[in-house]
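Please look through the sequence and the 3D structure shown here, and keep both in view while you read the report.

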Amino acid sequence: MLVQAPEYGRVDSAPLALAVADTTETPELGALEGARLQAIALPAEVTVLGGRHWSPHLATAAKIEETLVESGPEVTAAFLCHAVRGTPEEPSRGGLVIAADTPNGEEHELLSPIDIFAMTARGIAMPSQVLLQACDTSALSDASSGEWLTLAPALVAGGSREVIATLYPMPDLYVPEDPVIEAAVAGTSLRQAVVLTQRIGLARWEAGQADDPAHSPLSWGAYAPICVRPSRREGPAPPAFAPVSVRFVRILASAIKECRQGRGERLDSGYLLSAMLEVSDIAELFDGGSNSLKPSTFVWTLGPYVLSRYLRFRDGPTRELVLDEGARIEVSEVLVEAFARAVQTAERDGVLIEPEYLLQEVLGQRSAARRILQLLSRISRRPFELTRRAIDHNLAETIAQGQKHSQGAESWSSDEELLARALVAEALAGREATVPLPERPRANASD
């Protein structure tokens, strides 16, 4: 089977096309330095509009409308700016703060729900996805005035399928890698990115590891997603990128490297177990460790490799994995099928896939890894289930410390890394999946 190493994040149809950021600087509404830095860091192909105090490309109503017409509906737009509320009598008079048309007139204007409806009436479809990183863009309290047609619902009515609003004023912070912004740039689901960001943020907060303002609930807790449909396309959309962490790729590549160094022609689950024990702290929990001379050290660090390479502990049938560059390897069906189940488990937990997810799946069925672990447990007198609990503990620690998505994080160049990514693509092929985006919670730019 011929599999090309995938370009993750490049197959969805809604990449970021417009960013409106830091649109005014007045005594009432100060400049948003974090939003400005976030906008400046965006890729060159994104149209960035701002305020007169920093940008020659003004975020006026006419320029925003022009950009939306040129971009078409299958894009993402981000508003990293101030938002103001309407009056109790007319809540829909509020909106996003944008630049004024003339420098001698008002300092700023508003892009209101009424303006959005007017654009829609002129035949302009709203972007497929919209990120409103501004103050209280959900305007939930306006429900007490009988108002529901505020910013986010107006965008949905105009054709947006996903809108990320906010529940309260957000801090104006900048972190170079905002996972929600990364999802916007890649054109992948903003809702999934928010879910992942909030779950990882909650785990970090409860673990007492929130050491940055961007890690606090004040930042990641403000998001309020509105999703009316997952895609404009008919039928299931292909995954935009593999939902795996950098660590997953590295450890799977390490398992492939062990297999190929021993001139092995097939990757079985025993090599995955070996790679996991080598790079994790699980062995140290069993009186082992890289600096220990106890016999148990060698049982847990060398045992899986020796049993896989020399005693030929195998999983069963395999399938061939081949790259365009010529690298190839036989992969056990057990690993491929286990990965598909690992995807489901990680999606349920709302996190990126770590190698522990895959290892626990293969240990739960008849596999080489399970037979190896049973044998080592008897030799060392360590209960089988104790190791599985240690793997779960290692997974929880990894998630609490913050995950890093494999997309764009590294330049994967070795055959083993490319094979690891191709194996992920092969396991996902034909599977209906909506995958989450990246990594850990970052700063939100707004008021």
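The report below goes through the sheet, a further group of strands, the nonpolar cores, the cysteines and the salt bridges.

## About the model

This is a predicted model, in which local features need pLDDT of at least 70 and side-chain atom pairs count only at pLDDT 80 or more, while totals for chains, interfaces and linings use all residues. Residues are numbered from 1 along each chain as its sequence is written, and side-chain values use heavy atoms, with hydrogens and water left out.

Six strands make up an open sheet with mixed pairing, in the order 2-1-3-7-8-9. At its edges stand strand 2 (47–49) and strand 9 (223–227), and because each has a single partner strand, one side of each is left without a neighbour in the sheet.

Strand 3 (residues 76–80) is mostly covered, since five of its five residues are buried, where buried means under 20% relative accessible area, exposed means over 50%, and partly exposed lies in between (1.4 Å probe, protein chains only). Thr76, Ala78 and Leu80 point one way from strand 3, whereas Ala77 and Phe79 point the other way. Strand 3 runs parallel to strand 1 (residues 16–21), to which five bridges join it, and Ala21 stands opposite Leu80. Strand 3 also runs parallel to strand 7, with four bridges between them, and here Ala78 stands opposite Leu131. Strand 7 (residues 129–132) pairs in turn with strand 8 (residues 162–166), in the parallel sense and over three bridges, and the bridge partner of Leu131 in strand 8 is Ile164.

Strand 5 (residues 95–99) is mostly covered, with five of its five residues buried. Strand 4 (residues 83–84) pairs with strand 5 in the antiparallel sense over two bridges, and Val84 stands opposite Gly95. Strand 5 is also joined by four bridges to strand 6 (residues 108–111), again in an antiparallel arrangement, with Val97 standing opposite Leu110.

## Nonpolar cores and cysteines

A nonpolar core is a set of buried Ala, Val, Leu, Ile, Met, Phe, Trp, Tyr and Cys residues joined through side-chain atoms within 4.5 Å. The largest one has 56 residues, of which Phe248, Leu267, Ile329, Phe339, Ile353, Tyr357 and Leu359 touch the most other members. A second, separate core has 26 residues, including Ala59, Leu132, Ala154 and Leu155.

If neighbours within four places in sequence are left aside, the residues in contact with Ile329 (heavy atoms within 4.5 Å) include Ile256, Cys259, Leu267 and Leu419. Cys259 is buried, with a relative accessible area of 0%, whereas Cys227, at 33% relative accessibility, counts as partly exposed. A search of the whole structure finds zero disulfides (pairs of cysteine sulfur atoms within 2.5 Å).

## Salt bridges

Side chains of opposite charge can pair when their charged atoms come close. A search of the whole structure finds 11 salt bridges (a side-chain nitrogen of Lys or Arg within 4 Å of a carboxyl oxygen of Asp or Glu). In one of them, the side chains of Arg122 and Glu65 meet at 2.6 Å, N to O. This pair links distant parts of the chain, 57 residues apart, with Arg122 in the loop between helix 3 (113–121) and strand 7 and Glu65 in helix 2 (residues 61–71). Arg122 counts as exposed, at 51% relative accessibility.

Another salt bridge joins the side chains of Arg247 and Glu354 (3.0 Å, N to O). Arg247 counts as partly exposed at 22% relative accessibility, while Glu354 counts as buried at 1%. Salt bridges that share partners join Arg247, Glu354 and Glu356 into one network.

Definitions and conventions. Two strands pair if DSSP finds at least two bridges between them.
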